[in-house]
Every structure is written in C-alpha cells, then in structure tokens.
Amino acid sequence: MSMRRATAVGIVLALLLPLLLTLASAEQAGDVTFSSDSIALSPSSPAEGDDLGVTVTLANAVSIETTGVEVSLHGDNISNLAFHQETVSIAADGFVQVEGTWTDIPFGSHSVILVVSHGGQSANVSKAFQVSGLVDLVASNLVLDPVTGLHQGDLV
C-alpha cells in the first residue's frame with residue numbers, strides 16, 4: 001500500500017470513527033463519545049492466568065480540543081479498583097486510544113467496564129468475555145515397571 005493511500009485511509013477512518021461510534025448506541029460524557037464496541041480485547045479468547053490487553057477508543061464530538069478526559073478501566077464491577085486510569089486530551093473532531101492491562105485474569109465469565117468523565121458528566125459501558133480454564137490433569141492409574149528391585153537412578 002502506498003504512503004499516500006495509507007494516509008488517505010487513515011484520514012477517512014478518523015473522520016468516520018465519531019459517526020460510527022454514534023451509530024453504535026454510543027454513550028456520551030461531556031464532549032466524549034464511546035460505546036461497548038469501543039472496547040477491544042487482546043487476546044480475544046483469553047485463558048486463565050493470561051494478561052488481558054484492553055484498548056478503548058474515545059471520540060471527540062466537538063470541533064475544539066477536549067481536555068481533562070478522565071478514563072478508568074475496571075474488572076467485573078465499577079466499584080472494584082481500576083486496573084488502569086489516566087487523563088487524556090482529544091483533538092478537535094478526533095479520537096484517542098487508551099490502553100490498559102488486566103493482569104493474571106482468572107477463569108470464568110468477566111467484563112471490562114470503561115468509565116469516562118468529562119465536563120462534570122460521567123458514563124460507562126462494559127464488554128463481557130469468557131476466560132477458558134487451564135488443562136486440569138489428574139493421574140488416576142499409575143503403573144510402575146519394574147515394580148520391585150528399584151534403586152536411585154534406575155529407569156522406570
């Protein structure tokens with residue numbers, strides 16, 4: 001892909017993202033627009049003990065820079081301590097991506113909750129996901145050969 005074409009694609013995406021977020025039943029906190037579709041998880045199918053990368057995309061709904069946007073990511077419950085939080089600015093009619101990591105994710109059903117505060121308003125959305133368990137092997141029938149005459153260092 002040529003550099004000119006890549007730049008054109010990037011500009012089109014930047015211009016369409018706020019519209020797409022609005023159409024996807026978006027939430028709004030002050031001048032910031034986002035939705036559950038704004039939350040991307042990596043890996044998309046985590047296993048127990050994995051670190052889960054979370055990337056959220058926030059769009060500025062106005063034609064001036066938006067500053068002081070407070071963002072936090074919570075695991076399972078909004079009252080749980082945030083595993084990531086920061087304050088960002090978003091360019092006029094632009095967007096920003098915020099990344100956080102939920103470490104050592106446990107087995108089962110979970111959700112990531114995105115909380116955004118701006119201009120005295122707060123809103124949140126969540127994205128549910130499943131975490132697969134690790135293989136659970138239990139030896140139930142052990143057979144030793146030979147059974148007798150074993151000494152340290154012998155092959156069994």
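Predicted model: local features only at pLDDT ≥ 70, side-chain atom pairs only at ≥ 80, totals over all residues.
Asp76 is partly exposed, with a relative accessible area of 34%. You'll find Asp76 in the loop between S5 and strand S6 (82–90). For background, most residues other than glycine have a negative phi.

Asp93 also has a positive phi without being a glycine, with a value near 55°. Look for Asp93 in the loop between S6 and strand S7 (95–102). Asp93 counts as partly exposed, at 37% relative accessibility. Here are the two aspartates laid out together:

| Residue | Phi | Relative accessibility |
|---|---|---|
| Asp93 | near 55° | 37% |

Now for a residue in a strand. Ser72 belongs to strand S5 (residues 66–75). Is Ser72 buried or exposed? Ser72 counts as buried, because its relative accessibility is 11% and the cut-off for buried is under 20%. So what does Ser72 touch, neighbours within four places in sequence aside? Its contacts are Ala82, His84, Gln85, Ile113, Leu114 and Val115. There's a polar contact as well, with the side chains of Ser72 and His74 meeting at 2.9 Å.

One more backbone feature is worth a look. Most peptide bonds are trans. The bond joining Ser42 and Pro43, however, is cis, with omega about 5°. Pro43 sits in the loop between strand S3 (39–42) and strand S4 (52–60).

Conventions:
Residues numbered from 1 in each chain as written. Heavy atoms only, no water. Helix = DSSP H or I, 4+ residues; strand = E, 2+ residues; numbered from the N terminus. Buried < 20%, exposed > 50% of the residue type's maximum accessible area, 1.4 Å probe, protein only. Polar contact = N/O pair within 3.5 Å; in protein donor to acceptor, adjacent residues only side chain to side chain. Contact = heavy atoms within 4.5 Å.
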